[in-house]
Amino acid sequence: NTYIASFLLNEVCKSLKFKTNIIMFNHNTRTGQLQDYRKMNGGGNDDFNAFKTAKGLIDITQDNIVFAMTDGGVCQDTRHFTDELEKKGVIIIAVGVGLDDYDTKRLRKHYTNAIAVPNTEALPTVMIKQLQQLIHR
């Protein structure tokens, strides 16, 4: 689910000529191409180090949106990084695909802008609504 959702989002960003950085994480964190994600073994969710990596890649002189995609919920408290980035004007949107009620509640607790969808088919409609609210259009 996360791979498909990330792929769709990346394609939209490319068509809009947005610069993208892909940070993949499970039990470890690395940057690369989205297709490399399929080569990673499942398990784990190193969201803390993923945000640490993202922080180092973000150019705060530009407009930035960070999409945190997960199909397994939130494993570590990332508020230190997200609060710091949001104070610098970075918009962070957490997207949970196919989460149970427990993980959905955790996602919404940890992220100001959190979207939970039952499957990837529901993502475009919900994402459009969220982005419209954030960019006031």
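Close-up 1. Glu84 forms a salt bridge with Lys88, the closest N and O atoms being 3.5 Å apart, where a salt bridge is a side-chain nitrogen of Lys or Arg within 4 Å of a carboxyl oxygen of Asp or Glu. The model is predicted, so that local features need pLDDT of at least 70 and side-chain atom pairs count only at pLDDT 80 or more, whereas totals for chains, interfaces and linings use all residues. Residues are numbered from 1 along each chain as its sequence is written, and side-chain values use heavy atoms, with hydrogens and water left out. The side chain of Glu84 also meets that of Lys55 in a salt bridge, at 3.2 Å from N to O. This pair links distant parts of the chain, with Lys55 in helix α2 (residues 47–57) and Glu84 in helix α3, 29 residues apart; helices (H or I, at least four residues) and strands (E, at least two) are DSSP runs, numbered from the N terminus. Salt bridges that share partners join Lys55, Glu84 and Lys88 into one network. Lys88 is partly exposed, with a relative accessible area of 43%, Lys55 counts as partly exposed at 32%, and Glu84 is partly exposed at 22%; buried means under 20% relative accessible area, exposed over 50%, and partly exposed in between, with a 1.4 Å probe and protein chains only.

**Close-up 2. The salt bridge between Asp83 and Arg79 in helix α3.** The side chains of Asp83 and Arg79 meet in a salt bridge of 2.7 Å, taken from N to O. Being four residues apart in helix α3, Asp83 and Arg79 are separated by about one helical turn. Asp83 is partly exposed, with a relative accessible area of 31%, and Arg79 is partly exposed as well, with a value of 23%. A search of the whole structure finds three salt bridges.

**Close-up 3. The two sides of helix α3.** The buried residues of α3 are Phe81, Thr82 and Leu85. Seen down the axis of α3, these buried residues fall within an arc of 95°, so they line one face of the helix; the arc is that of the directions from the helix axis to the C-beta atoms. What covers the buried residues of α3 includes α2 and β4, while the face turned away from the buried side carries the exposed residues His80 and Lys87. Just after α3, Gly89 takes a positive phi of about 95°.

Close-up 4. In helix α4 (residues 101–110), Asp103, Thr104, Leu107 and His110 are buried. Seen down the axis of α4, the buried residues fall within an arc of 135°, so they line one face of the helix. They pack against β3 (65–70), α3 (79–87), β4 (91–97) and β5 (113–117), with contact meaning heavy atoms within 4.5 Å. On the other side of α4, Asp101, Tyr102, Lys105 and Lys109 are exposed. Asp100 caps the N-terminal end of α4, with a side-chain oxygen 3.3 Å from the backbone nitrogen of Tyr102.

Close-up 5. Val66 lies in strand β3 and is buried, with a relative accessible area of 14%. Leaving aside neighbours within four places in sequence, Val66 is in contact with Phe51, Ile58, Val90, Ile91, Ile92 and Ile93. The C-alpha atoms of Val66 and Ala54, which are 12 residues apart along the chain, are separated by 8.2 Å.

**Close-up 6. A nonpolar surface patch that includes Leu8.** Ile4, Phe7 and Leu8 make a nonpolar surface patch of about 250 Å². Patches are made of residues with over 30% relative accessible area and no salt bridge, like charges being joined within 9 Å and nonpolar side chains (Val, Leu, Ile, Met, Phe, Trp, Tyr) within 5 Å. Leu8 has its place in helix α1 (residues 2–15) and is partly exposed, with a relative accessible area of 39%.

**Context for the close-ups: the whole protein.** The secondary structure comes to five helices and five strands, and from the N terminus on the elements run α-β-β-α-β-α-β-α-β-α. Buried residues make up 38% of the 137 residues in the protein. Of the contacts with a separation of 6 or more, 56% are accounted for by residues 24 or more positions apart.

Definitions and conventions: Polar contact = N/O pair within 3.5 Å; in protein donor to acceptor, adjacent residues only side chain to side chain. Areas by Shrake-Rupley, 256 points an atom, 1.4 Å probe, with all protein chains shown as cover.
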